[in-house]
Amino acid sequence: MRLLPLVMMAGLAAPAAAQDTMQGEALFGFYCATCHGNAAVGNGPMSPSLVVPPANLTTLKARNAGVFPTIRVVMRIDGRDPLTSHGSSMPVYGDFFAGTDVATKAETGQPIMTSQPIVDLLAFLESIQEE
């Protein structure tokens, strides 16, 4: 059958990276909660000293017409869309989040390349969105 090789080749296409919400929560607690707070509402212990107050990350979807803003979040974390928070660009731990790119799905349905830790952070952030 000639279809079998095509079906097998289709399976070789790079799938979107698997998301690990629990790993994302652990990363958030270690790298992000200092500014954004354990509940991700922007009230971390460092928040009073920042020039730009940390965002409430539980309302990202609500503030974007009910769609989680994957592209904006990825670009803010990986530094492609820098935000001056306390005299330097966000992310503070940008080097940690660098690494081999993996694909994840943007809100547009198109793939966006980022690192596995950011994919895991996305999974966690999406899981805590207020309805």
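This is a predicted model: local features need pLDDT of at least 70, side-chain atom pairs count only at pLDDT 80 or more; totals for chains, interfaces and linings use all residues.
The cysteines were examined for bonding. Zero disulfides were found in a search of the whole structure. The sulfur of cysteine 32 has its closest cysteine sulfur in cysteine 35, at 8.5 Å. A disulfide requires the sulfur atoms to lie within 2.5 Å, so 8.5 Å is too far for a bond. The search from cysteine 35 leads back to cysteine 32, again at 8.5 Å and again too far for a bond. Cysteine 32 is buried, because its relative accessibility of 16% falls under the 20% limit.

Aromatic rings were considered next. A pair of aromatic rings is described by the distance of the centres and the angle of the planes. The whole structure holds two such pairs. One joins phenylalanine 28 and phenylalanine 124, with ring centres 5.3 Å apart. Their planes meet at 45°, so this pair is tilted. The partners come from distant parts of the chain and are 96 residues apart. Phenylalanine 28 belongs to helix α2, residues 21–36. Phenylalanine 124 belongs to helix α5, residues 116–127. Phenylalanine 28 is buried at 2% relative accessible area. Phenylalanine 124 is buried as well, at 7%.

Phenylalanine 30 and tyrosine 31 also form a pair, with ring centres 4.7 Å apart. Here the planes stand at 75°, so the pair is edge-to-face. Are phenylalanine 30 and tyrosine 31 buried or exposed? Phenylalanine 30 counts as exposed, at 58% relative accessibility. Tyrosine 31 counts as buried, at 18%; the limit for that class is under 20%.

The contact of α2 with α5 was then described. Two packed helices are described by the angle between their axes and the distance between the axes. For α2 and α5 the angle is about 95°, and the axes lie 7 Å apart. Helix α2 is therefore roughly perpendicular to α5. On the α2 side, the contact is made by Thr21, Gln23, Gly24, Glu25, Leu27, Phe28 and Cys32. On the α5 side, Pro117, Asp120, Leu121, Ala123, Phe124, Leu125 and Ser127 take part. Eight of the contact residues are nonpolar, four are polar and two are charged.

Two of the earlier topics return in this contact. Phe28 and Phe124, both named among the contact residues, are the partners of the tilted ring pair. Cys32 of α2 is also part of the contact, and cysteine 32 is buried.

Key:
Residues are numbered from 1 along each chain as its sequence is written. Side-chain values use heavy atoms; hydrogens and water are left out. Buried means under 20% relative accessible area, exposed over 50%, partly exposed in between (1.4 Å probe, protein chains only). Rings of Phe, Tyr and Trp (its six-membered ring) pair if their centres lie within 6.5 Å; planes under 30 degrees apart count as stacked, over 60 as edge-to-face and the rest as tilted. Helices (H or I, at least four residues) and strands (E, at least two) are DSSP runs, numbered from the N terminus. Axes are lines fitted to C-alpha atoms, for helices over the stretch in contact, and angles run from 0 to 180 degrees between N-to-C directions. Angles under 35 degrees count as roughly parallel, over 145 as roughly antiparallel, 65 to 115 as roughly perpendicular and the rest as oblique. Contact means heavy atoms within 4.5 Å. Ala, Val, Leu, Ile, Met, Phe, Trp, Tyr, Cys and Pro count as nonpolar, Asp, Glu, Lys and Arg as charged, and the others, Gly among them, as polar.
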